[in-house]
Amino acid sequence: MASSFADDKKNVHLSISQVVKDFDGFKAVNDVSLDIYQGEIFALLGASGCGKSTLLRMLAGFEKPTSGDIILDGQSMLDVPPYERPVNMMFQSYALFPHMTVEQNIAFGLKHDNLSRPAIANKVEEVLNLVRMTEYAKRKPHQLSGGQQQRVALARSLAKEPKLLLLDEPMGALDKKLRTQMQLEIVDILEAVEVTCVMVTHDQEEAMTMASRVGIMDQGVIRQVGEPVDVYEHPNSRMTAEFIGSVNIFEGTLSKDESDHAELICDDLTVAIHASHGVVGSLGMPMAYAVRPEKIQIKRRAPDQPCNWAKGTIKDIAYLGSHSIYHVELANEKIVLVSMANSDRWSEVDDGPRLSWEDEVYVYWADDSGVMLNS
Amino acid sequence: MSTNKTNKLSWAILLGGFAFLYLPIFILIVYSFNESRLVTVWAGFSTKWYGELFEDEQMMSAVWMSLKIAFLSASAAVALGTLAAIALVRSGAFKGKTLFTGMITAPLVMPEVITGLSLLLLFVTMSQVLGWPEGRGSLTIWIAHTTFNMAYVAVVVSARLRELDRRLEEAAMDLGANKFQVFIYITLPIVAPALLAGWLLAFTLSLDDLVIASFVSGPGSTTLPMVVFSSVRLGVSPKINALATLLVLAVAMAAFIAWWFMRRNELQRQKEIRSAFSQ
């Protein structure tokens, strides 16, 4: 997918600058600045109530920022009402007009562009073709399945060739299986028409599948922006580390801080944590270390490394089909999550029988597996 | 055994209830075909009262007047009631909103005598002060009916408006429709069933009303319920039975047609949904 967009084209298309939205003293969006590049799919990711939907509604024009500016393609959008903005939105649960056919739904926006009848008909056919819904043109929305409704909603929002497309929880109304299929299908369509797109979702998997960049939002503030792999591998705070995927956090104090490595003394562990990257901080300051469950190995024999391991017992094994999550309890009752692919699980772990409940094990990880976080 | 008993009992209660509701109407229909001048004495089958009914000019002009007022007041009530509903549902929070919402429903619970009397006082004062409306007649009945019907329409329409998904209107706006166009092309068609229901309700209420009309009517503007009521006081004429029978027939037909259309639409809809999912 378009993961290297940010590198080759730094053409800012939408610029959100210092936007604040204040609802009676509650800052739903608090000083957000963000640049969206031409043709990228950007995902605003956050829990409900984090302000992502408010930000989206300000882009559509349904809410007015308390302060700040929104500049689309060099033009400020502040005083442009929603019906005059070159921005279209695919609504959560689609908001298809129930009293109109698929065709009429799509033509609705075009009619307000003063296009001729044949021009409208052509455009309707073109977008229906794009989403492969031509044969359903005469149907009413209630005669369509969820996935079909979504395609019509997408076609409707693309028909006016907007400069910016907004997707509000695009997969919210679909079941899980259909979701995976539609995610890729929508990305293909969006890339085919080369539209710049901002989407809002609370589902990190969805954001990471569809977007070229994601922005993690929390309490009205954007905490981190980056490509999905950056945000996942190098979270800049505990909040982002814990929000995206699951993570083991070890708290401790900084005991060594060099330019190419750092060490942490952690109460939960008998050995130090060694990270192969430097940190910003001073010796003795509190620091957290985050390491993903799939980066941790599990073994019966003690690993031959001085740092980054712990001894514990298996308390729980959650079998998830493709992989299993082991809940390993350390001496002081801290639980460490370890994920192992089941192709590995069935093979014998260091020559013993398969791992089971109450087994004594060692968990360990490499120097470059996790990140030190000072906030 | 005991279930059989309770079953019989519930049937008996059901039949009793229906008899209570429909027996009077049935008797009324039977007696409309009575030969005798006396309503309560059966003297053989005849349709002569139907003939006399259509020759009774006073009665026929009252029917016409009632239908005209019902039609006009229902239409005006739908227009005003819809606006009131929109204002109450859509204006957002303002001071005294609950008070206004309560006040719009007040005419529903106000005794008719009070509504009638107060409107009469209003019209008398207005004609003295403003010179309008001159006297009382079909115009004042129309205004009076519009006033209380508006409240019914506002309640029916605001219920539907509250259910309407705001995202539909936002989607229309997002696609380039301004607020007025959104209202015409999206809001109105979606709440249309409520407007129709409100109109029909207002029409029937206006057709039924005796008390308020009696207060605000004038010479030469007599509605059907007023004619029926005054003629009954002088002794019931079998003509009234004939008229009532025709009205029952008309109402039953209207109800049946409405039911038949709704059922057909529902069946069609379900068929379409099934065919959509079977693919």
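Which residue of β19(A) stands opposite G312(A)? V361(A) does. This is a predicted model, in which local features need pLDDT of at least 70, side-chain atom pairs count only at pLDDT 80 or more, and totals for chains, interfaces and linings use all residues. Residues are numbered from 1 along each chain as its sequence is written, while chains are lettered from A and ligands numbered from 1 in the order in which they are written.

Start with the strands of chain A. Strand β16 (residues 309–319) and strand β19 (residues 360–364) run antiparallel, joined by five bridges. Strands are DSSP runs of E, at least two residues, and helices are runs of H or I, at least four residues, numbered from the N terminus. Two strands pair if DSSP finds at least two bridges between them. The sheet is open and has five strands, ordered β15-β19-β16-β17-β18. Its pairing is antiparallel. β15 (297–299) and β18 (335–341) are the edge strands, each pairing on one side only.

Now turn to chain B. Helix α7 (residues 166–174) packs against helix α8 (residues 179–208) at an angle of about 155°, with the axes 10 Å apart. Axes are lines fitted to C-alpha atoms, for helices over the stretch in contact, and angles run from 0 to 180 degrees between N-to-C directions. α7(B) and α8(B) are therefore roughly antiparallel (an angle over 145 degrees). From α7(B), the contact uses L168(B), E169(B), A172(B) and M173(B). From α8(B), V182(B), Y185(B), I186(B), T187(B) and I190(B) take part. Contact requires C-beta atoms, placed from the backbone, to lie within 7 Å.

Technical notes:
Parallel < 35°, antiparallel > 145°, perpendicular 65-115°, else oblique. Contact = placed C-beta atoms within 7 Å.
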